[in-house]
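I opened this notebook to record what I looked up about charged side-chain pairs. The entries follow in the order in which I made them.

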Amino acid sequence: MQTGILTTNSRLTAPLCALVLSSFLRAHAHDWPQFLGPTRDGVYAGSDLATSWPKEGPSVVWRKKIGQGFSGPVTSSTKLILFHRLNNSEVVECLDAGTGKSLWAFDYPTAYRDDFGFDEGPRATPTIADGRVFTFGAEGMLHCFELQTGKKVWSVNTKTEFAAPKGFFGMACSPLVEGASVLLNIGGMNGAGIVAFDKNTGKQIWKATDDEASYSSPVAATLNDQRYAFFFTRHRLVALNPATGKVFFDFPWQPRIHASVSAATPLIIGNLVFLSASYGTGAVLLRVTNNRAEKVWSAEESLSNHYATSVYHDGFLYGFDGRQELGPNLRCVELKTGNVRWSEDRFGAGTVTLAGDYLLVLKEDGELLLAHASPGGFKPAARAQILPNGVRAYPALADGRLFARSKDALVCVDLRGPKKD
């Protein structure tokens with residue numbers, strides 16, 4: 001049976017517009033250079049994925065044993081960056097994305113011990129930008145490397161430099177490269193809650209807020225002709241100027257209990273900001289106007305993201321509701337109202353990626369599902385076991401191939417359909 005191809009629902013009639021858009025989509029489909037992809041919203045821009053898989057599942061290109069970590073893989077061109085822990089070292093390793101062969105590696109010692117007995121590898125996903133690789137370790141070591149050679153360009157020990165606390169589960173902010181800066185939610189002392197570093201030298205450019213760090217990573221976006229960096233800290237949403245660190249506004253919003261974490265990244269949709277957290281928190285939708293945020297709606301029972309960020313498609317949010325250890329629900333929620341359209345109860349934890357009109361759901365038990373992103377219900381079109389249990393890291397989806405890791409394995413799976421003529 002011939003497989004189908006995912007397509008976007010955009011229709012362009014002008015040839016020039018079509019050519020420009022096609023080039024843009026190809027460039028963004030080719031790489032997955034940071035947490036949640038090129039646009040940091042969990043969206044894959046390609047249109048080359050199959051809409052059905054063989055009975056035995058999609059083709060596995062390569063598989064390899066790796067060290068500990070919740071850090072997701074990232075790709076740029078033909079290279080993949082893996083950040084993991086081997087014995088008592090955090091290791092930044094560059095692999096050939098096509099074969100899994102190691103091209104270079106850099107390691108440095110770590111003494112991180114998890115107070116709750118969880119994985120002791122790095123948590124933050126690396127970022128590739130401008131020919132450099134930026135990593136942030138579980139103990140707060142920020143590194144910059146040359147992508148081609150692995151040569152260290154600079155490093156900063158944020159734990160000692162800013163007296164950043166360990167928190168419940170180590171440091172987990174995935175670096176955001178914005179303009180000349182690398183932005184991080186550090187939660188340091190003396191006004192170093194959020195810090196910007198020069199991406200070429202590692203020197204501090206600015207610092208802002210006294211907020212403790214959360215486990216959420218920041219996102220940058222332009223709203224109403226103003227560039228913002230949005231940070232969901234332990235206590236609030238902070239919107240600031242990424243060039244200067246000036247805080248435009250904040251919106252206090254946090255779990256009700258101290259023993260909690262907030263991990264989902266703010267989702268920017270036009271001039272709206274969607275936030276979600278677990279531990280009795282739920283979700284809130286904000287509208288940003290005149291450097292202020294006004295609440296559109298909030299609901300404790302709609303969509304309570306524990307650690308996985310939701311995705312948005314055609315007026316609806318798709319994501320996980322409930323705490324990871326209790327068996328979350330997979331849900332579709334109407335953006336403008338927060339109303340739940342469908343819920344797959346006790347579905348289990350995982351991550352969700354949007355590819356065209358389809359959802360790619362990678363469950364914590366290693367099962368990958370493909371389903372149409374529809375408010376009418378969740379009906380998987382294909383499913384396959386691609387990894388063993390213990391999948392907590394976000395995957396990367398680039399050039400039609402999915403790169404995903406469990407607690408000790410990394411796999412490359414070919415999700416492409418037949419080539420178009």
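Entry 1. I began with the term itself: a salt bridge is a side-chain nitrogen of Lys or Arg within 4 Å of a carboxyl oxygen of Asp or Glu. I note that the model is predicted.

Entry 2. I looked up the pair Glu 367 and Arg 383, whose side chains meet in a salt bridge at 2.9 Å, N to O. Glu 367 belongs to strand 29 (residues 367-372) and Arg 383 to strand 30 (residues 380-385), so this pair ties together parts that are 16 residues apart in sequence. I then checked accessibility: Glu 367 counts as buried because its relative accessibility is 14%, and buried means under 20%. Arg 383, with a relative accessible area of 47%, is partly exposed.

Entry 3. I asked how many salt bridges the structure holds. The count is 14.

Entry 4. I turned to Glu 325 and found a salt bridge with Arg 323, with the closest N and O atoms 2.5 Å apart. Glu 325 is partly exposed at 43% relative accessibility. Arg 323 is likewise partly exposed, at 29%.

Entry 5. I next examined Arg 287, whose side chain meets that of Glu 294 in a salt bridge of 3.7 Å, N to O. I recorded Arg 287 as partly exposed, at 32% relative accessibility. Glu 294 counts as partly exposed at 40%.

Entry 6. Which residues are linked in a network of salt bridges? I found that Asp 211, Arg 236 and Asp 250 are linked in this way.

Note on methods:
Residues are numbered from 1 along each chain as its sequence is written. This is a predicted model: local features need pLDDT of at least 70, side-chain atom pairs count only at pLDDT 80 or more; totals for chains, interfaces and linings use all residues. Side-chain values use heavy atoms; hydrogens and water are left out. Buried means under 20% relative accessible area, exposed over 50%, partly exposed in between (1.4 Å probe, protein chains only). Helices (H or I, at least four residues) and strands (E, at least two) are DSSP runs, numbered from the N terminus.
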